[in-house]
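Take a walk through this protein chain with the structure open beside you.

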Amino acid sequence: MYEYIEENVERFKKQTQTAFNNFRLRLLKFDELNVMQVKTETESLFTKLKRQSDRFYTGLLNHLAESMGFEEGKYDLDELLETYSGTLLYSFATEMERKRERLFETMVAIDDISDPEILAQQKKNIRNWNTQVEEFGVDIERNIFLSELRDPGIRKVQWMTAEDERVCSDCSDLNGIVFDIDNVPRRPHIGCRCWLKGVSDDG
C-alpha cells in the first residue's frame, strides 16, 4: 500500500512550498497591507493549494483504480474529503477553512511582513498543510481498500506493520492481529505506515 503517495508526496511538498513563497512575495509588493488585499491573496493561496491537492488525490484515485481493478470515477473525491479522519480528528474541507481563516487573521494582525517570525510561521503552515494532505491520502487509500475487499465478501483483515526499527510500540502491539473488516482500529498516530491485508474465511 501507499506506493503512489510515497512516490509523489515530495513533489507535492515542493508545490506547497512554492505556493506559500509566492503568497509572501505578493504581499511584500504592497507598501502597506489592508484587509481586502490580505483577504484576496489568502483566498488565492488556498484556491491554489486546493487545486494542487485535488490533482494529487486524483492521481491517487487513478492509481488505485488501476491497481485494484475498479472503474475510474467509482469514488467521488469531494465525498472522500468530507469523511472525518480518525487520526487527524477533523474533515479535510472543514480544516482547510480553519487554516485559511487562521492565516488571514495572522497576516492582518502583523505590522511587518518581512519579520523573520513570519518565515517561521510560514514553515509551520507549510508543514501542517502537507501533513493534512498526506494523511488524508493514506485514509483515502485505506478506506477504498476496505471497500474493495467488502465487494467480493471478504470480512476480515490483518494489521501489518512496516517491520523495521521505526515501528512504534502502539503499532507493534497491533501487528498480526486479525480484525473484522467493519471494526478496524484507526491509525494510532500521524505518520503511521501500517497497512492491511485481506484474510479469507479459510485462513
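Ala 109 counts as exposed, because its relative accessibility is 59% and the cut-off for exposed is over 50%. The model is predicted, so read every value here as computed from that model. Ala 109 sits in helix H4, which covers residues 92–109. Now look for Met 68. In sequence, Ala 109 and Met 68 are 41 residues apart. In space, their C-alpha atoms are 49 Å apart.

Step back to the whole chain. The C-alpha trace spans about 70 × 40 × 25 Å along its principal axes. Its secondary structure comes to six helices and three strands. Their order along the sequence is α-α-α-α-α-β-α-β-β. The chain has 203 residues, and 40% of them are buried.

Next come the helix pairs. Two packed helices are described by the angle between their axes and the distance between those axes. Keep helix H5, residues 116–150, in view.

Begin with H4, the helix of Ala 109. How far apart are the axes of H4 and H5? They are 11 Å apart, and the packing angle is about 175°. Angles over 145 degrees count as roughly antiparallel, so H4 and H5 are roughly antiparallel to each other. On the H4 side, the contact uses Phe 92, Glu 95, Met 96, Lys 99 and Leu 103. On the H5 side, they meet Asn 125, Asn 128, Trp 129, Gln 132, Val 133 and Phe 136. By class, the contact of H4 with H5 has six nonpolar, three polar and two charged residues.

Move to helix H1, residues 3–28. H1 packs on H5 at an angle of about 150°, with the two axes 10 Å apart. That angle makes H1 roughly antiparallel to H5. The crossing of H1 over H5 is right-handed. From H1, the contact residues are Glu 3, Ile 5, Val 9, Phe 12, Lys 13, Thr 16, Gln 17, Phe 20, Asn 21 and Arg 24. From H5, they are Ile 118, Leu 119, Gln 122, Asn 125, Ile 126, Trp 129, Asn 130, Val 133, Glu 134, Gly 137, Val 138 and Glu 141. The contact of H1 with H5 divides into 10 nonpolar, seven polar and five charged residues.

Now turn to helix H2, residues 35–68. Its axis and that of H5 come within 11 Å and cross at roughly 25°. Angles under 35 degrees count as roughly parallel, so H2 and H5 are roughly parallel to each other. H2, too, passes H5 in a right-handed crossing. H2 brings Phe 46, Leu 49, Lys 50, Ser 53, Phe 56, Tyr 57, Leu 60, Leu 61, Leu 64 and Met 68 to the contact. H5 brings Trp 129, Gln 132, Val 133, Phe 136, Gly 137, Ile 140, Glu 141, Ile 144, Phe 145 and Glu 148. The contact of H2 with H5 has 14 nonpolar, three polar and three charged residues.

Stay on H5 and find Glu 135. Is Glu 135 buried or exposed? Glu 135 is buried, because its relative accessible area is 5%, and buried means under 20%. What does Glu 135 touch, leaving aside neighbours within four places in sequence? Its contacts are Thr 87, Leu 88, Arg 187, Ile 190 and Gly 191.

Tyr 2 is not a glycine, yet it has a positive phi of about 70°. Tyr 2 lies in the segment before H1. With a relative accessibility of 6%, Tyr 2 counts as buried. Leu 89 has a positive phi as well, about 65°, and is not a glycine either. Look for Leu 89 in the loop between helix H3 (77–82) and H4. Leu 89 is exposed, with a relative accessible area of 54%.

Note on methods:
Residues are numbered from 1 along each chain as its sequence is written. This is a predicted model: local features need pLDDT of at least 70, side-chain atom pairs count only at pLDDT 80 or more; totals for chains, interfaces and linings use all residues. Side-chain values use heavy atoms; hydrogens and water are left out. Axes are lines fitted to C-alpha atoms, for helices over the stretch in contact, and angles run from 0 to 180 degrees between N-to-C directions. Helices (H or I, at least four residues) and strands (E, at least two) are DSSP runs, numbered from the N terminus. Angles under 35 degrees count as roughly parallel, over 145 as roughly antiparallel, 65 to 115 as roughly perpendicular and the rest as oblique. A crossing is left-handed if the near helix is turned anticlockwise from the far one by less than a right angle, and right-handed if clockwise. Contact means heavy atoms within 4.5 Å. Ala, Val, Leu, Ile, Met, Phe, Trp, Tyr, Cys and Pro count as nonpolar, Asp, Glu, Lys and Arg as charged, and the others, Gly among them, as polar. Buried means under 20% relative accessible area, exposed over 50%, partly exposed in between (1.4 Å probe, protein chains only).
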